Amino acid sequence: MHRLLPSLTLLAAAIASAHAGPLAYVSNEGSGTLSVIDTATDAVLYELPAGAKPRGAVVSPDGRRAYVSDQPGNRLVVVDLAARRLAGEIPLGESPEGLGQSPDGRWVTAAVEEANEVVFVDTRTMARSFAVKVRGKNPEHAVFSPDGRWVLVSAEEGGAVDVIDVEKRSQVAQIPVGTRPRGIGFSPDGRRAFVAAEMSSEIYVINTRTFTVAHKLKAGPKSNGISVHPDGRRVFISNGGDGTVSVLDVERMALVATIPVGQRPWNMALTPDGRKLYVACGRSGAVSVIDTESQQRVADVAVGKLPWGVVIR
């Protein structure tokens, strides 16, 4: 049996790489899985185990591992993507939600609700390294700036975005925004951050040099997810209240389109070329796929129960 294990691992790796496009990994909190979609064909290739109630997910830069927050397990689950199996777990604290990843892949951050902190996991040692307390209550997302210097944190009950200096390992600023901030996305140059405030249905544009609000716009009802196009000219916002995605023209600072999707659209991800947007629609049990050039929904891909988010690698 032991002689067969390397061959099986190589076979699994070969099968995993036999796809035409980048892969979209969808965390399904109701079924405890990651659904894996080939973005070239929009077909589900397979499902992976991902804990009892997976929420946030990131994939290592080399594509070998997925890291998933398992909310009731209070842990970070590590998935070996070639072998398609759980490869380990790292304790986080009570009720972890969204995850972030530093540009170099060294750090994975987890927003831990009950402790009101962000936990930093070192992927070199595969262990919890340190945690930073934030002022906001019930943090949900903890997102790195493109240069890896800052982590911006949205807290459901905070009414503000907390700013962590990664080198100092401490919170250095807080930016007031609307009620129940959720999704966060950075412009490619890192000079702006876009934040969705769900209960006030607003989008806030933050100047990351001064950590002040530069613009505030009314969004769709219960705006929550944010995804920034790689060219930095458009920002996509999911609206949980009416099952749509809004398109923000950054130069004009105006919403220019509204695209119907499935029920309770939540967190989203763009393909690396920016041509397709994948939207987790929790109540539909599906991912809606948007062609970003035509700004039309082109597919609905059935996945597991209650999809929460998407990461593409």
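This is a predicted model: local features need pLDDT of at least 70, side-chain atom pairs count only at pLDDT 80 or more; totals for chains, interfaces and linings use all residues.
## The largest pocket

Let's start with empty space. Rolling a probe the size of a water molecule over the atoms shows where such space is left. In this model, the largest pocket has a volume of about 1,200 Å³. Strands E4 (54-59), E8 (96-101), E12, E16 (181-186), E20 (223-228), E24 (265-270) and E28 (307-312) are the elements that each give two or more residues to its lining.

Which residues lie nearest the centre of the largest pocket? They are Val143, Met268, Ala269, Val310 and Val311, out of a lining of 40 residues. By type, that lining divides into 23 nonpolar, 15 polar and 2 charged residues.

In soluble globular proteins, nonpolar side chains tend to be buried together. Here, the largest nonpolar core has 16 residues, and Leu152, Val161 and Val163 have the most contacts inside it. At least two residues of this core come from each of strands E13 (150-155), E14, E15 (170-176), E16, E17 (192-197) and E18 (202-207). E17 gives the most, with 3 residues.

Take a look at Leu152 in the structure. Beyond its neighbours up to four places away in sequence, Leu152 touches His141, Ala142, Val143, Val161, Asp162, Val163, Ile184, Phe186 and Ala193. Another core, of 15 residues, lies apart from the largest one, and its members include Leu23, Val59, Val68 and Val79.

Now find Asn28, which sits in strand E1 (residues 23-28). Is Asn28 buried or exposed? Its relative accessibility is 0%, so Asn28 counts as buried. Leaving out residues up to four places away in sequence, its contacts include Thr33, Leu34 and Ser35, as well as Val303, Gly304 and Lys305.

Ala160 belongs to strand E14 (residues 160-165). With a relative accessible area of 6%, Ala160 is buried too.

## A buried residue in a loop

Where is Asn138 found? Asn138 is in the loop between strand E11 (127-133) and strand E12 (139-144). Its relative accessibility is 13%, and buried means under 20%, so Asn138 counts as buried. Setting aside residues up to four places away in sequence, Asn138 touches Glu113, Glu114, Asn116, Ser154, Ala155, Glu156 and Glu157.

Conventions: Residues are numbered from 1 along each chain as its sequence is written. Side-chain values use heavy atoms; hydrogens and water are left out. Helices (H or I, at least four residues) and strands (E, at least two) are DSSP runs, numbered from the N terminus. Buried means under 20% relative accessible area, exposed over 50%, partly exposed in between (1.4 Å probe, protein chains only). Contact means heavy atoms within 4.5 Å. On a 1 Å grid over the protein atoms alone, a cavity is a set of points where a 1.4 Å probe fits but cannot get out, and a pocket is an open set with protein on both sides within 12 Å along at least five of seven lines; lining residues have an atom within 4 Å of a point. Grid points are joined across faces, edges and corners, and a volume is the space filled by probe spheres set on the points. Ala, Val, Leu, Ile, Met, Phe, Trp, Tyr, Cys and Pro count as nonpolar, Asp, Glu, Lys and Arg as charged, and the others, Gly among them, as polar. A nonpolar core is a set of buried Ala, Val, Leu, Ile, Met, Phe, Trp, Tyr and Cys residues joined through side-chain atoms within 4.5 Å.
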